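Let's take a friendly walk through a two-chain model, chain by chain. Please have the viewer open as you read.

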Amino acid sequence: MIEVRNLTRRYGGNVAVNDLSFTVERGTICGFLGPNGAGKSTTMNIMAGYLGLTDGEVLLDGVSIADEPERCKRMIGYLPEQPPIYMDMTPEEYLDFAAELRGLERGERAEAVEDAIRLTGVEDMRDRLIANLSKGYRQRVGFAQAILGFPPILIFDEPTAGLDPKQILEIRELIRSLRREHTIILSTHILSEARGLCDKLVIVHRGNLMADGAPEELERSGGGRSLDVVVRCGDPELVRSVFAELPGVTDVSARTEDGEVFASLTRSEGEDLRERVFDACVAAGFPLLTLRPSDASLESVFIRLTSGDGPDDADGETDDETDNETDGDADDGADGDADADNTGDGGGAREDTPAREEDAEGGGGDESNL
Amino acid sequence: MRAIYRRELRSYFNSMIGYIFTAVVIFFISLTFRRVNLLTGFPYFAYALAGATPVFVLAVPLLTMRSMAEERRNKTDQLLLTYPVSVQAVVLGKYLAMLTVLAVPLLISCVCPLVIASGGSGSFLIDYSAIFAFLCMGGMFISIGMFISSLTDNQIIAAVGSMGALLALAIWPEIVALIPSTPDAALAGFAALLALAALTVYGLTRRPAPACAVGGVGAAALAALWFTQKTNLSGMLKNFLGLFSAPDAIGNFTDYYVFDIKGLLLFISVSALFVFLTAQSVLKRRWS
């Protein structure tokens with residue numbers, strides 16, 4: 001279990017992390033979200049014992065990392081943003097070195113290395129120099145290092161960055177399989193990944209905690225999860241009127257494209273609209289092409305929480321999207337502009353995730369979004 | 001520590017650095033060996049070794065420049081500092097690995113006294129003592145180079161900085177001789193040393209109180225000396241600085257054939273100090 005209490009970290013006059021508190025229970029995966037420069041990596045570095053903290057404390061299974069660093073470090077497997085690998089070693093040599101450094105006994109070392117190699121799928125590359133491996137394989141070797149010996153607490157800073165789509169799925173599956181026995185915290189800016197993988201999300205912005213809760217809770221706070229529906233019909237107004245009459249639907253937006261209508265249905269809390277939508281489509285004679293929960297609601301929560309200057313801005317309600325837009329424009333940061341683009345999009349099927357926007361802004365366009 | 005030591009050692013000999021270092025040192029030692037011992041028939045290898053001192057000044061930075069700087073540049077320090085090993089163990093492991101690399105050419109040079117003995121009378125005790133003294137001096141050089149490497153993430157800066165520092169050490173007696181022999185200059189010299197000590201204490205503790213205490217006590221002692229021993233002050237400064245003279249210490253082994261325990265103590269204590277400072281410098285970065 002991880003407990004972060006009032007964590008503060010200053011660099012000179014800059015506050016990188018400000019009074020951050022949250023807990024992650026054993027057996028859960030916590031997603032750490034925030035725009036670039038929000039303090040995610042700093043917080044993770046502090047939790048892993050790499051950086052010191054200015055104020056507050058980090059408790060791992062009740063042990064303070066400041067008081068008993070070595071005991072805490074024994075419990076942690078950490079994958080930093082850039083995998084800490086030695087180019088002049090082979091994956092096997094490297095993992096053997098890491099296992100010895102972690103204090104695994106000689107007997108269990110070989111087995112731990114084998115497990116890590118097998119689980120991360122680097123068997124074929126085990127005897128090549130890491131310098132000659134591709135970025136995805138290097139990331140996997142870094143991941144293997146983190147899970148070596150299966151420490152109870154796992155911290156992953158963007159574990160799927162730089163991997164190809166298949167590898168992303170494999171790593172996610174691996175993380176999911178580790179959930180039962182471990183406390184896992186991972187940072188990402190791929191929101192679909194956060195929702196699919198995490199039991200709990202912590203959203204930070206400029207070092208401040210903006211929100212903390214299960215993905216569903218956060219979505220509810222953002223006005224509930226909406227439903228994306230695509231039907232074949234020439235008249236968006238007709239579709240809108242049919243769906244608007246359904247019980248439990250609070251708002252409908254629709255746009256048309258190539259004879260297909262893309263509708264987004266906002267529902268009131270706790271309602272499951274899927275059967276009603278299906279029945280309505282049958283009754284009205286629209287061929288139903290797509291029916292799925294929208295990704296947009298978590299996105300809009302994320303954007304609302306991370307587009308201002310700090311915690312004070314986030315107190316506004318969900319209805320002030322236009323406010324955010326002006327905030328974004330007035331903002332000095334590049335993220336403000338990206339957010340403004342997104343919020344300006346209105347309802348409907350939103351295609352650009354904030355992650356993509358940020359990647360484009362940050363120039364690190366190597367993250368794959370699934 | 002053993003894991004770090006083994007990794008570092010392997011890394012020196014996986015890359016070219018270990019071989020280049022060994023080759024360069026051996027080349028220059030054999031040059032002086034041939035000139036001093038083989039061509040002129042002088043029976044002490046120790047003296048030949050003394051002539052090879054400059055190669056240590058140039059080659060040791062080659063060894064030390066990457067030690068800490070590269071970890072920082074490649075972010076592999078994130079591995080070392082988040083694993084259950086102490087920073088002191090990491091630093092010591094690296095230090096011992098470099099010392100081992102340095103020992104390779106010195107071990108090879110152990111053949112030289114045998115060559116001398118095969119053609120005449122060798123002085124094994126003197127020659128092997130001198131080789132041992134060179135290992136200790138090299139250890140001191142390595143610790144200084146490693147410390148400088150821990151201050152930067154740029155290997156070139158680390159190498160140039162280390163060369164400058166080691167060169168200054170190599171000509172230390174000449175530098176001390178340049179200090180004017182007036183009480184005023186001595187006072188300024190002592191004051192500068194005092195300021196350096198206080199700054200170091202502040203850098204290590206991050207608290208003004210201990211640094212002020214060191215500065216205050218030192219200033220009081222200095223004032224007392226100024227009023228009681230004004231005329232001797234210059235001599236005291238030069239004697240004090242002379243304590244740190246590596247060339248004098250090594251000269252006792254190579255020129256006077258004296259097993260200089262004071263000199264060995266100098267090498268070992270300065271090594272220990274800089275190994276300690278390197279660990280502190282790494283730890284301090286967690287806060288900056």
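Predicted model: local features only at pLDDT ≥ 70, side-chain atom pairs only at ≥ 80, totals over all residues.

## Charges and ground rules

Residues are numbered from 1 along each chain as its sequence is written, chains are lettered from A and ligands numbered from 1 in the order in which they are written, and side-chain values use heavy atoms, without hydrogens and water.

## Confidence

The model scores ipTM 0.88 and pTM 0.81. Within chain B, confidence is lowest in helix α13 (residues 233–242), with a mean of 87, and highest in helix α6 (residues 87–109), at 96.

## Chain B as a whole

Chain B holds 15 helices and zero strands; helices (H or I, at least four residues) and strands (E, at least two) are DSSP runs, numbered from the N terminus. Its radius of gyration is 21 Å, close to the 19 Å that the globule rule gives for 288 residues, so chain B is as compact as a globular protein of that length. That radius is taken over C-alpha atoms, and the rule is 2.2 Å times the number of residues to the power 0.38. Along the principal axes, the C-alpha atoms of chain B fill a box of roughly 60 × 55 × 25 Å.

Of the 288 residues in chain B, 45% are buried, where buried means under 20% relative accessible area, exposed over 50%, and partly exposed in between (1.4 Å probe, protein chains only). Contact means heavy atoms within 4.5 Å. Among contacts in chain B between residues at least 6 apart in sequence, 78% join residues at least 24 apart.

The accessible surface of chain B is about 13300 Å², and carbon and sulfur atoms account for 73% of that. Accessible areas come from the Shrake-Rupley method with a 1.4 Å probe; for residues, only the protein chains shown count as cover.

Ala69(B) sits in helix α4 (residues 53–73) of chain B and is buried, with a relative accessible area of 0%. Ser149(B) is 80 residues away in sequence but 5.2 Å away in space, C-alpha to C-alpha. Beyond four places in sequence, the residues that Ala69(B) touches include Ser149(B), Thr152(B) and Asp153(B).

Met68(B) belongs to helix α4 of chain B as well, and Met68(B) is buried at a relative accessible area of 9%. Beyond four places in sequence, its contacts include Val91(B), Met146(B), Ser149(B) and Val282(B).

## Chain A

Chain A has 14 helices and 14 strands, and 55% of its 370 residues are buried. Its accessible surface comes to about 15500 Å², with 44% belonging to carbon and sulfur atoms.

How many of the eight residues of helix α1 (residues 40–47) of chain A are buried? Seven are, so the helix is largely enclosed by the rest of the structure. Among them are Lys40(A), Asn45(A) and Met47(A). Gly49(A) follows α1(A), with a positive phi near 90°.

Methods
pLDDT = per-residue confidence, 0-100.
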